[in-house]
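Me: Hi! I have a structure open and would like to talk it through with you. Can I start with the core and then jump around a bit?

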There are 2 protein chains.
Amino acid sequence: MAVKINPHVSVDCVIFGFNDMSLKVLLIDRNQGLPLLRQTAPKSLKLPGRLVYDDEDVDTAAVRVLKELTGLENIYLQQFNVFGSPDRLNKKEDLEWLQSLTKMKINRVVTIAYYSLIKLNQSLPCDGKVIWANVMKVPKLAFDHNEIIKRGLLNLRRELKNEPIAFELLPKKFTIRQLQSVYENILDKKLDNRNFRKGIAKWDYITQVNEKEKNVAHKPAQYFKFDKRKYIKQQIDYLLDK
Amino acid sequence: MAVKINPHVSVDCVIFGFNDMSLKVLLIDRNQGLPLLRQTAPKSLKLPGRLVYDDEDVDTAAVRVLKELTGLENIYLQQFNVFGSPDRLNKKEDLEWLQSLTKMKINRVVTIAYYSLIKLNQSLPCDGKVIWANVMKVPKLAFDHNEIIKRGLLNLRRELKNEPIAFELLPKKFTIRQLQSVYENILDKKLDNRNFRKGIAKWDYITQVNEKEKNVAHKPAQYFKFDKRKYIKQQIDYLLDK
């Protein structure tokens, strides 16, 4: 009847970054800065993640680990899935790295995955320490981190459908072409211009600004803005507030 | 540097049930069927949950535990949050119960919470074994289970906004009054009839059926149905499919 169970618990962070051109994901080299490992070890990329401390809440651990490993802070991290297959440490090199890092005998790690989406066109404190890989061209990573990113991306796409996150990646005034580019990059799909405009036309929380693009080679495009108040009114919540 | 960490990992299931009248949540009595505990122990209610086995994926554990403890199966369980505060076992009676059940020394349990929403107007295999408590009148539960239900409910309300789950709780043909009742019960709020109808009028995936209520004391109400194809077309996905 008694069940011998002592998996370790870790957190892993999937940080998506958008830079107007493409959707990227933040990776670190697990061999960098570890003097105990061979200096000649080749790059071995993974998500920023570590075990949770004894006396630490899991959400606190995610914030701590992201800061320690990348320098990033004040980022809204959201849990999206737990990866708890007993086979997660099947690869010999993953298990060796983990035991060398932690000095513990480890058989199993259940990891809680967090994600976030940030704008990359500001200078980030983690520049230089980390690798931003194109989401569609992520190399083979340690553990099941490719799978974690894949699930994180599905989550982000669902969020793009349900929440107005696209507008957080755009300037206050934006063109329909810019908005379409956010959708195309996150969905990894070329969208038909005409259908996109037809679809967008129904979103009456996107309103025209009395201004057009300037100094462009092509025909200047109209600027739009996101009307957050109008958006909120359209949500079911508005049924409650009156 | 080395971190001594061996929390145990459990799963807990928040099963919401809707029965036309109210929203309920499934609880079990942790003292029932445990001969080792005092037979005179008073009822002590909690969510169905147990530790994850050594060789078991966490999602598999959730399905197993729900079936073992309640008889319920073939229910779509979705992870919604991990509760990992180091203080979760602070109450003496919770720790004692857990150690008596598992015969293990336990300091900390990180639990993965799953949820589901089911219709209660069919005879369920778990009848008799479990308690369905009104979500708004849940008594004091073991561990942090009141908090877990609260978070599960927030999650359900977000889902109600983003996904067409209300229609899964209704018959194929339904009146606007019935639809409003689903929203009122899940949101725990009386909605203004006129505003609700105004809001619903914009959802053109709810279409009129050529039929009215029969044999009712009041003025017979119009029946409507949910047009799933139309709904899907309205989602952003439809931008992709043409």
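Reply: Happy to. This is a predicted model, and its largest nonpolar core has 92 residues. The residues with the most contacts inside that core are A:Val14 and B:Val14.

Me: Which residues does A:Val14 touch, leaving out those up to four places away in sequence?
Reply: Its partners are A:Val25, A:Leu47, A:Ala113, A:Tyr114, A:Tyr115, A:Ile148, A:Ile149 and A:Gly152. As general background, nonpolar side chains in soluble globular proteins tend to be buried together.

Me: Okay, and B:Val14, which way does that point from S1(B)?
Reply: B:Val14 points the same way from S1(B) as B:His8, B:Ser10, B:Asp12, B:Phe16 and B:Phe18. B:Val9, B:Val11, B:Cys13, B:Ile15 and B:Gly17 point the other way. In a regular strand the side chains alternate between the two faces of the sheet.

Me: What does S1(B) pair with in the parallel sense?
Reply: That would be strand S6 of chain B, residues 109-119, over eleven bridges. In this pairing, B:Val11 stands opposite B:Ile112.

Me: And which strands run antiparallel to S1(B)?
Reply: Strand S4 of chain B (residues 49-51) pairs with S1(B) in the antiparallel sense over three bridges, and there B:Val11 has B:Arg50 as its bridge partner. Strand S2 of chain B (residues 23-29) also runs antiparallel to S1(B), joined by three bridges. Here B:Phe18 stands opposite B:Leu23.

Me: What about the hairpin of S1(B) and S2(B), how many residues sit between the strands?
Reply: Four, and one thing to look at there is B:Asp20, which takes a positive phi near 80°.

Me: Which other residues have a positive phi although they are not glycines?
Reply: A:Phe143 is one of them, at about 50°, and B:Lys103 is another, at about 55°. You'll find A:Phe143 in the loop between S7 and H3 of chain A, and B:Lys103 in the loop between helix H2 (92-102) and S6 of chain B.

Me: Buried or exposed, those two?
Reply: A:Phe143 counts as buried because it has 24 C-beta neighbours inside 10 Å, where 20 or more are needed. B:Lys103 has 11 such neighbours, so it counts as exposed.

Me: What else lies in the loop between S7 and H3 of chain A?
Reply: A:Val135 does, with strand S7 covering 131-134. A:Val135 is buried because it has 22 C-beta neighbours inside 10 Å. Not counting residues up to four places away in sequence, A:Val135 touches A:Leu23, A:Lys24, A:Val25 and A:Leu153.

Me: How far is A:Val135 from A:Gln78?
Reply: Their C-alpha atoms are separated by 19 Å, and the two are 57 residues apart along the chain.

Me: Changing topic, what domains does chain A have?
Reply: The domain assignment gives domain 1 (8-162) and domain 2 (166-239). Their C-alpha centres lie 32 Å apart. Eight residues of domain 1 of chain A are in contact with seven residues of domain 2 of chain A.

Me: Which element gives the most to the domain 1 side?
Reply: Helix H3 of chain A (residues 145-162), with three residues. The residues on that side of domain 1 of chain A divide into five nonpolar, one polar and two charged.

Me: And chain A overall, how many helices and strands?
Reply: Six helices and nine strands. Of its 242 residues, 31% are buried.

Me: Last one: what confidence scores come with the prediction?
Reply: Chain A averages a pLDDT of 87, with 88% of the residues scoring at least 70. For the complex, the predictor gives an ipTM of 0.84 and a pTM of 0.87. Where pLDDT is low, the predicted coordinates should not be read in detail.

How values were computed. Residues numbered from 1 in each chain as written. Chains lettered and ligands numbered in written order. Buried ≥ 20, exposed ≤ 12 C-beta atoms within 10 Å, placed from the backbone. Helix = DSSP H or I, 4+ residues; strand = E, 2+ residues; numbered from the N terminus. Pairing = 2+ DSSP bridges. Domains from an automatic or database assignment. Contact = placed C-beta atoms within 7 Å. Nonpolar A, V, L, I, M, F, W, Y, C, P; charged D, E, K, R; others polar. pLDDT = per-residue confidence, 0-100. Core = buried A, V, L, I, M, F, W, Y, C linked by C-beta atoms within 7 Å.
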